[in-house]
Each structure stands twice: as C-alpha cells, then as structure tokens.
Amino acid sequence: MSPLSSKTLYVTHINATSLFNHTSPVGTIQYDTPFAVPPGSSLSPRLPVHPDLTGAGYQALRDALGGSLQLDLLADIGVRLGEFRQTVDYTGRGIGINVGW
C-alpha cells in the first residue's frame, strides 16, 4: 500500500536476502525492472526468488513444505518519486511465508 495519496512511487530495484534463524540464507531476490506503486492498494509483480540450496535455510524450507515459515529479510530497495531517487535499507524480522511446491 502506498503511503502517498496523489503521487505514484516507483520501485526501481530490489536486492534482498531472506534468512532463517537470523543467519542461514534461504533465498535471494535480484529484481531490476522498475514498477509503479500508485496511490492506494496495489499488487507488485511476482518477484523471482532464487533459493539457496545449501545449509540450514534449505533444510528449513524442505521441512516447512505445505506449511509456513518465519524468516528475516535484508533488502536494498531503490525508489523514485518524480526526479528524487533514494535507496532504502530494509530489515524485517519474523515475516511469515507460506511454503508450497
């Protein structure tokens, strides 16, 4: 949901890593195709997740198949509003995901 009431915000890139147990990589998103976030509620495009098929993060994904998992997220997100550009560092903890096949 956009915090803006009359302007469209653009996400210019997303570079993110999801972590299990605060340290074990589960996957990454590297998305460089800009997309609009208009005022109000909207959906982002489906973002390609590249799983890390090694270590405890992968095992946690396998164990959660058909259920859910709590992950942390570290991301650099590029945003643009008119001519203003900024990269936002985002840290999220305890983000719930559904794990399907």
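Colleague: How do you know what confidence the chain has on average?

Modeller: The predictor gives each residue a pLDDT, its confidence from 0 to 100, and the chain averages 92, with 99% of the residues scoring at least 70. This is a predicted model, in which local features need pLDDT of at least 70 and side-chain atom pairs count only at pLDDT 80 or more, while totals for chains, interfaces and linings use all residues. Residues are numbered from 1 along each chain as its sequence is written, and side-chain values use heavy atoms, with hydrogens and water left out.

Colleague: Why is methionine 1 called exposed?

Modeller: Buried means under 20% relative accessible area, exposed over 50%, and partly exposed in between, with a 1.4 Å probe and protein chains only. Methionine 1 has 77%, and therefore counts as exposed. Methionine 1 lies in the segment before E1 and, with residues up to four places away in sequence not counted, touches Gly40 and Ser41, where contact means heavy atoms within 4.5 Å.

Colleague: Why is asparagine 21 exposed, and why is histidine 22 partly exposed?

Modeller: Asparagine 21 has a relative accessible area of 57%, so it falls in the exposed class, whereas histidine 22 has 49% and is therefore partly exposed. Asparagine 21 is in the loop between E1 and E2, and histidine 22 is placed in the loop between E1 and E2 as well.

Colleague: What makes the phi values of asparagine 21 and histidine 22 worth a remark?

Modeller: Most residues other than glycine have a negative phi. Asparagine 21, however, has a positive phi near 60 degrees, and histidine 22 a positive phi near 70 degrees.

Colleague: What makes a set of residues a nonpolar core?

Modeller: The set must consist of buried Ala, Val, Leu, Ile, Met, Phe, Trp, Tyr and Cys residues joined through side-chain atoms within 4.5 Å. The largest such core has ten residues, among them Leu9, Ala16, Ile29, Phe35 and Val79; E1, E2, E3 and E5 each supply at least two residues of this core, and the largest share, four residues, comes from E1. A second, separate core of seven residues includes Ala64, Leu69, Leu71 and Val99.

Colleague: How do you know what counts as a pocket and which residues line it?

Modeller: On a 1 Å grid over the protein atoms alone, a cavity is a set of points where a 1.4 Å probe fits but cannot get out, whereas a pocket is an open set with protein on both sides within 12 Å along at least five of seven lines, and lining residues have an atom within 4 Å of a point. The largest pocket has a volume of about 780 Å³, and of its 33 lining residues the closest to its centre are Ser18, Ile29, Val49, Leu71 and Ile97. E5 gives the most to this lining, with six residues.

Colleague: How does the lining of the largest pocket divide by class?

Modeller: Ala, Val, Leu, Ile, Met, Phe, Trp, Tyr, Cys and Pro count as nonpolar, Asp, Glu, Lys and Arg as charged, and the others, Gly among them, as polar. The lining of the largest pocket divides into 24 nonpolar, seven polar and two charged residues.

Definitions and conventions. Grid points are joined across faces, edges and corners, and a volume is the space filled by probe spheres set on the points.
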